[in-house]
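Hi there,

Here is the structure I promised to pass on to you. Have a look at it first, and then read on for what turned up in it.

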Amino acid sequence: MKHTLVVGVDGSPQSRAAADWAAQEAVRRDLPLHVVHAWLWQPLAAPVVQDRDAEARRADDVLKEVEGELTHRYPELDLTAEVLCEAPVSALLHAAKEAETLVIGTRGHGALVAFLLGSYGQQVIATAECPVVSVRSAHGRPAAVPVEGEVVVGQQGGVQESAEVLRFAFEAAAARGVPLRAVRAWTLPPVYGYSPGSMWIADQFGGLEPYEKAALEQALEPWRVKYPQVEVVAHVEQGSAGHVLLAAATDAQLLVVGRRVRESAVGPHVGSVAHAVLHHSACPVAVVPHP
């Protein structure tokens, strides 16, 4: 199943949009799509009538409706579906272990976004072992993005640190036949004016911006060789990484960012850059875990 796309659905328009985007991606890349719906019988401690069998049938109906929609729109799609008898977060994380990519939906309210299944989506993005794509909804279908738009990827750190993020982005651009814009944002370190290390960088590269450009080119080099058909635009800009990426992705069809795999005092988190673009990007956002 590592070569399978997995999408989580819950019957909402947002999850249907995610399923539609995942189906398009599966057809584009000639991959099977596995649709999962999390349903766990949890009797309420309240004096109300509850029907376990009726709720189980509703869970099955959610999958049947999504299957029917996708089969009608994408008859060539290799599609399977499954009800997972687990709580939503654990179900999606379980599915992500067997997936090449996990797709979930989001809903937007002005400048704020609530993830699919409330905060569950954010927990999944912060913890999943595979890349997670968050898809914005518009009337139950993926929000419109330019079909000829670039794939935009945020690159940071060194060659090894950004390898998985760049691999995902180059594959996405190659599958779409569109250019890849690799973005590296930088800011002046607080001690730049008197740091011996900073002055050495300035001496060796003619300033910090040339240094950042060289670092980006070094990270891109092996992927340019592996994907010679992908046109690459190297974009280095001073400023906040979140702001620079969002500006670069205004007309993009996919934005790819990394998430460092690490635990904090409050548990897994997506990181400030991923958090910013997930909340404000109009196009789908792929969050790729990396060491």
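**What was found**

Of the 291 residues in the protein chain, 47% count as buried. Please keep in mind that this is a predicted model. The chain's secondary structure comes to 9 helices and 12 strands. Its accessible surface is about 14100 Å², and carbon and sulfur atoms account for 54% of that. If you take the contacts between residues at least 6 apart in sequence, 77% of them join residues at least 24 apart.

Strand β8 (residues 151–154) runs parallel to β11, and 3 bridges join them; here Val-152 stands opposite Leu-255. Strand β12 (residues 285–290) also pairs with β11 in the parallel sense, over 6 bridges, and there you can see Gly-258 opposite Val-288.

Next, turn to two helices, α3 (residues 88–97) and α4 (residues 120–127). They pack at an angle of about 35°, their axes 9 Å apart, and their crossing is right-handed. Which residues in α3 and α4 meet? From α3 come Pro-88, Val-89, Leu-92 and Leu-93, and from α4 come Tyr-120, Gln-123, Val-124 and Thr-127. Sorted by class, this contact has 6 nonpolar and 2 polar residues, with no charged ones.

Enjoy exploring, and write back with any questions!

Best wishes

Note on methods. Residues are numbered from 1 along each chain as its sequence is written. This is a predicted model: local features need pLDDT of at least 70, side-chain atom pairs count only at pLDDT 80 or more; totals for chains, interfaces and linings use all residues. Side-chain values use heavy atoms; hydrogens and water are left out. Axes are lines fitted to C-alpha atoms, for helices over the stretch in contact, and angles run from 0 to 180 degrees between N-to-C directions. Helices (H or I, at least four residues) and strands (E, at least two) are DSSP runs, numbered from the N terminus. A crossing is left-handed if the near helix is turned anticlockwise from the far one by less than a right angle, and right-handed if clockwise. Contact means heavy atoms within 4.5 Å. Ala, Val, Leu, Ile, Met, Phe, Trp, Tyr, Cys and Pro count as nonpolar, Asp, Glu, Lys and Arg as charged, and the others, Gly among them, as polar. Two strands pair if DSSP finds at least two bridges between them. Buried means under 20% relative accessible area, exposed over 50%, partly exposed in between (1.4 Å probe, protein chains only). Accessible areas come from the Shrake-Rupley method with a 1.4 Å probe; for residues, only the protein chains shown count as cover.
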